[in-house]
Amino acid sequence: MTLWMLILCALAFTSCSDDDDDDVTVEEGIYVLNNGKMGNNNSTITYYDPVTQASDAADVYAAQNGKGLGDSGQDILCEGKYIYLAVYTSNRISVMTRDFVEVTSIALLRDGQPQSPRSLAYAGKKLYVSLYDGYVARINTSDFTVEAQVKVGRNPEGLAVSNGKLFVANSGGMDYNTPVGYDKTVSVIDLKKFEVEKTIEVEINPTILITVDNGDVYCISTGNYGDVPNTLQKIDPKSYAVTKVGNATEMATDGKKLYLMYSQYDASWNQVITYPVYDTEKAQMLSWEWIADASAVVKPYKVCYEPQTDRLYLTSSNYRTDGDVYVYKTDGTLEKKFGAGLNPLKVVYVK
Amino acid sequence: MRLFFYRLVLCLLGGGLGPVSAQTADTARVHQLQQVEVSATRRPSVVRSAAPLQVVSGVEMERLGYQSLADAVRRFSGVTVKDYGGIGGLKTVSVRSLGAYHTGVMYDGIAVSNCQAGQIDIGRFSLDNVSRVTLAVGQEDDIFQPARMFASAGVLSIQTQRPEFRGNRDYSLQLRMKGGSFGLVNPSLRYARRLASRTSLSIDGDFLRADGTYPFTLKNGQSVTREKRYNSDILSWHTEANLYSLLRDSSRVTAKVYYFQSERGLPGGVIFYNPYNKERLWDRNFFAQAGYEKHFNPRWALKSALKYNYSWNRYMDVNNKYASGKQIDRNRQQEYYATVSGLYTPKGRVSYVLATDFAYNRLTNNFTDTPRPERYTSQTVLTARYRHKGVTVNGMLLATYIKEKVASGDCPDDKRRLSPGVSLSLQPWLDRNLYVRLFYKHVFRVPTFNDLYYLRMGNRNLKPETAVQYNAGITWSGQWKGLEYASVTADVYYNRVEDKIVALPMMYVWKMMNMGTVDIWGSDVKGTAEFGIARRIHCRINGSYTWQRAIDLTDKNEKNYKDQIPYTPQHSGSLSASLLMPWVNVSYTALVCGERYALPQNVAANRIDRYAEHTLSVNREFQWHGTRFRLQADVVNFTDEQYSVIQYYPMPGRSYRLSASVVF
């Protein structure tokens, strides 16, 4: 009898296996957030090793968490111990450890409706997220609760922090086809009071905001895909004056220069793509392009600058099949082209 | 079909009146026969047809437990039905991977059209008043049709029931009540009355409601949860009145008035972590059609029809991301249509048909920049058929001219196309029902109004999408061993689609472009067997198997080059068996579908699992005082298979239906 008891006890202890045997650490390197196709629940995170230049098509999030990221991962941000990921259609912000193991998932609801997070920003130990129903939320990064929300313009997209303020691009994109039309404002939120201090008028449909080393905020207004082209503007962080600087569709910065991509369509829907560089210190467009051979890139999508590797990552997508990422040095030479998931959006370096 | 009826009447009449003058002192007495009206329509032969044809009768569909037209079509071979789930979910049919736009749908001989979206939602056709559903690929043998029917690669044809009066009654009434899982309530009524000796009227009405809240299993990686499908309700009703009249000069007149209305929830695809969905759709459709047919003599016949169609739909999405808290889209379409066909049979071996159609379509909606498009379509077809002993040859040439008109912006170019087609059927041994058939057809489909004008996606420079079809097949029917009846049809086909209209992304904006080439190889095999088991037990078995290899050949450098196109399984099939017994009839159908991909790239992440759906039906008919009663119980998907046709649009698991009908 006692022998059986001993055996049973031994079995009981050994059978108590840990469910989360996924305390596997991930490799250090570049991680690509792939947006996926809206409605297909196929947003993924894939890996690229900048040292060996090898990439892996497996979904890191699924490997670490045993389930999918969700639908339309929109923005990713690494700060402190955590990685934050805004998943737009799945209406959640995933908070993960540096090994992509999810710690918590923040759902954002207002009046029973999903608020749909778009972009993330970090300042003063708080996480800020723009929500498509017209709000910006502030999230406490210790207990991951939503502390406060402030109403901004319609369908806010990009966020940028400068001079103790949070700039929010209000695109108004969901009403492009109604008499209401696009929005054309940038809201300025004072971070201490968490109130909208000023609403700046810009070109219609502002979507991307970036802060450079000297504090200036640059804004791209995507326009209306018709008579109003993609416009690049500079916003003074103190006086809030807006200056039109040129044309651009996407941008990335290393703090001093803006690496732009400008995609224009002619009347027969042929695409003409240029890659200008804007020097923020000299306040002028430079004469050279940051891609030496533009014809090598097929269907460019987004541009990112990654400081750890000091490289520009240009993603490419045809929205139907898995995309690619082109790695460029800042002098324009192509270092590598590697495969990613469907609609690669953004690149981060994770240690 | 009508020629057959006419000839029969003539024979019977002629037999009574003919020989009197030719003979003298004939001891046989001449009897004048009473005119017999043959009211059954001849069932088209799937074996003799020069092009693949599949037929299922209303009686069979009822016995097998089909709820809607989609259920019947799914079991045809070579067909892919895109079913978005639930009773009210959108269901479109694509024949041989050519796409829903290349499949024409006919309702009692006149095309059902949708110029806005180009696809017909077959889920909304109930089977309550349907007498037959046919699917013809290529060209039906009945060449006496409107020109429009020659323009599609495949035609799905729905025939409604003609009035039947039993005994000496001049009225008939059928009432049916159906109920089932997920709150299904579906009463229907059919009343017919003989107005004059050769005129009858029938009125149909049916009402359907279901809450559609069915449970389903959701798999997210290793996480498997049980969820419920919300916002999947439907409330619809339909009413139809038909007039049939045989005039004194033996010409036929038919008229129809039809109205359909529905409101339904659109549950959308399942989104991980976010169950919110408040999209809804309202539909209203009214049409009136009138047809006239006259056979002047054995050589000449004329057929003509007129139709007016009005459709309205309203889509609503409630979400705070819109400035007004909701988005409402309203569309209104109208169509005026006329067709005239002439049949000329000079000697009996050859017949010619010249048919011409005119259609006027227009669309208005509530979008801010609506161009209020209009379209004038003229189609003329010349067909010839040669039939002698064991050889049937059909040739056709269709000429299409389309003129577009817009209120603002650039006007799309006019389109002029010629579409040829030829089919051949050979019966090598006249005493055996073995046929060899071949056909070739070149069709195209014009861009829909959505393709041309929809918001930003529309592209007015779109060219028509073309499809070339080649088919070769063998068919046989007859008796074999202990089987009373058996038939086998086997076809191999090759289709090529060019200038395929697809939505391509252009930096945030999607644009419709002629940017696709698809190569399709496939084969369909169908078999039927009927036999008796015991003295009063009869068994009928139908099976079909389809193999399809539809690959994308658009761009050599794309990652999906030569990959199977989305939602096209390589292997699929169906099996149905019915046991007809004096006490009860039992039917079983199984639908099997292989793996397919949700997106163009054939990678594991896009793969949708294979599935098998089994349905069992039991029914009993009995008479009581001259009134016919019928009771039926169905268990649909009795193995509770959790599957989806479209990725993340789960289908219901096991469900039940009970129906009772009375025919006076």
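## Buried or exposed?

A residue is called buried if 20 or more other C-beta atoms lie within 10 Å of its own, exposed if 12 or fewer do, and partly exposed in between, with the C-beta atoms placed from the backbone. Keep that rule in mind as you look at this predicted model, where local features need pLDDT of at least 70, side-chain atom pairs count only at pLDDT 80 or more, and totals for chains, interfaces and linings use all residues. Residues are numbered from 1 along each chain as its sequence is written, while chains are lettered from A and ligands numbered from 1 in the order in which they are written.

## A lysine in chain B

Let's start with B:Lys326, which counts as exposed because it has 12 C-beta neighbours inside 10 Å. You will find B:Lys326 in strand E17 (residues 326-344) of chain B. Helices (H or I, at least four residues) and strands (E, at least two) are DSSP runs, numbered from the N terminus.

Which residues does B:Lys326 touch, leaving aside its neighbours within four places in sequence? They are B:Met316, B:Asp317 and B:Val318, where contact means that the C-beta atoms of two residues, placed from the backbone, lie within 7 Å. B:Ala50 is 276 residues away from B:Lys326 along the chain, and their C-alpha atoms are separated by 53 Å.

## Chain A as a whole

Chain A contains two helices and 31 strands. Its C-alpha atoms fill a box of roughly 85 × 45 × 35 Å, taken along the principal axes. Of the 351 residues in chain A, 47% are buried. Among contacts with a separation of 6 or more in this chain, 42% join residues 24 or more positions apart.

## Two loops in chain A

A:Asn91 sits in the loop between strand E5 (82-87) and strand E6 (92-97) of chain A. Although A:Asn91 is not a glycine, it has a positive phi of about 55°. A:Asn91 is buried, because 28 other C-beta atoms lie within 10 Å.

A:Lys125 belongs to the loop between strand E10 (117-123) and strand E11 (126-131) of chain A. Phi of A:Lys125 is also positive, near 60°, in a residue other than glycine. Is A:Lys125 buried or exposed? A:Lys125 is exposed, because 10 other C-beta atoms lie within 10 Å.

## Where the chains meet

Finally, 34 residues of chain B are in contact with 40 residues of chain A. On the chain B side, strand E25 (501-506) and strand E26 (509-514) each supply at least two residues.
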